[in-house]
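Subject: Handover of a structure

Dear colleague,

Please find the structure below, with its sequence. My notes on what was found in it follow.

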Amino acid sequence: MIAELQLVSAELMEEWVNDFDAWDVCDQVCGNLFDKTPYACQKATERCQQEKEFVSRAGFVMMAELAVHDKQAQDGAFVQFFPLIKRYADDERKFVKKAVNWALRQIGKRNGHLRALALECAYEIHDMDSKTARWIARDAFKELQSKEIKN
């Protein structure tokens, strides 16, 4: 992966994301390049709704990476992701469900307000009639309720 951030266009991002065929490439590109573009939030929202597994994963990975790396972002930038996390919490594909879980946990670890909202989302996900959703919720509970991250 070699790219100059200032030369990365929305079109180039689309070309690259549609070529993803492995979780590690997806995660590295999203976390070392795509999350630093001005299109990051918009692309996260668009991608997570796509059918292709690694394109969908890329959307949730971007949410997680933005939560970790974008220190200037306001809470509202992340609140908009909770309905999408909930909507796709029953996606049984391994690489998507793990990214949904990752996004929920990383957003919840930003601060106390987002942690409360992430836990609320996790409770709603836990009530879904889906084994995958319950796994995502239980894993989020374990991390977000740990003593180490409580504010």
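In which helices of the protein chain is confidence lowest and highest? The mean is lowest in α1, at 89, and highest in helix α6 (residues 82–87), at 98. The confidence in question is pLDDT, the predictor's own value for each residue, on a scale from 0 to 100. For the protein chain the mean pLDDT is 93, and 95% of the residues reach 70 or more. Where pLDDT is low, the predicted coordinates should not be read in detail.

Two remarks on method are needed before the findings. This is a predicted model, in which local features need pLDDT of at least 70 and side-chain atom pairs count only at pLDDT 80 or more, while totals for chains, interfaces and linings use all residues. Residues are numbered from 1 along each chain as its sequence is written, and side-chain values use heavy atoms, with hydrogens and water left out.

Overall form

The protein chain has nine helices and zero strands; here helices (H or I, at least four residues) and strands (E, at least two) are DSSP runs, numbered from the N terminus. The radius of gyration, taken over C-alpha atoms, is 15 Å. This is close to the 15 Å that the globule rule (2.2 Å times the number of residues to the power 0.38) gives for 151 residues, so the chain is as compact as a globular protein of that length. Along the principal axes, the C-alpha atoms fill a box of roughly 40 × 30 × 20 Å.

Of the 151 residues, 46% are buried. A residue is called buried under 20% relative accessible area, exposed over 50%, and partly exposed in between (1.4 Å probe, protein chains only). The protein chain exposes about 7,900 Å², of which carbon and sulfur atoms supply 49%; these areas come from the Shrake-Rupley method with a 1.4 Å probe, and for residues only the protein chains shown count as cover. Contact means heavy atoms within 4.5 Å. Among contacts between residues at least 6 apart in sequence, 71% join residues at least 24 apart.

Helix α1 (residues 10–17) has the buried residues Ala10, Met13 and Val17. They lie on the same side of α1, because they cover an arc of only 55 degrees around the axis; the arc is that of the directions from the helix axis to the C-beta atoms. The exposed residues Glu11 and Glu15 are carried on the face turned away from that buried side. The cover over the buried residues of α1 includes α3 and α4 (53–69).

Arg47 belongs to helix α3 (residues 40–47). With a relative accessibility of 1%, Arg47 counts as buried. Setting aside residues up to four places away in sequence, Arg47 touches several residues, among them Met13, Val17, Phe34 and Met62.

Salt bridges around Arg105

A salt bridge is a side-chain nitrogen of Lys or Arg within 4 Å of a carboxyl oxygen of Asp or Glu. By this rule there are 11 salt bridges. Arg105 forms one with Asp139, the closest N and O atoms being 3.4 Å apart. This pair links distant parts of the chain, since Asp139 is in helix α9 (residues 131–144) and Arg105 in helix α7 (residues 94–108), 34 residues apart. Arg105 also forms a salt bridge with Glu143, at 2.5 Å between the closest N and O atoms. Glu143 and Arg105 are 38 residues apart and again link α9 with α7. Arg105 is buried, at 15% relative accessibility, whereas Glu143 is partly exposed, at 22%.

Glu143 meets Lys109 in a further salt bridge (2.6 Å, N to O). Lys109 lies in the loop between α7 and α8 (112–126), so this pair ties together parts that are 34 residues apart in sequence. Lys109 is partly exposed, with a relative accessible area of 33%. Arg105, Lys109, Asp139, Lys142 and Glu143 are linked in a network of salt bridges.

Cys121

Cys121 is found in helix α8 and, at 5% relative accessibility, counts as buried. Apart from neighbours within four places in sequence, Cys121 is in contact with Phe82, Ile85, Lys86 and Leu104. The C-alpha atoms of Cys121 and Ala137 are separated by 8.4 Å, the two residues being 16 apart along the chain.

Yours sincerely
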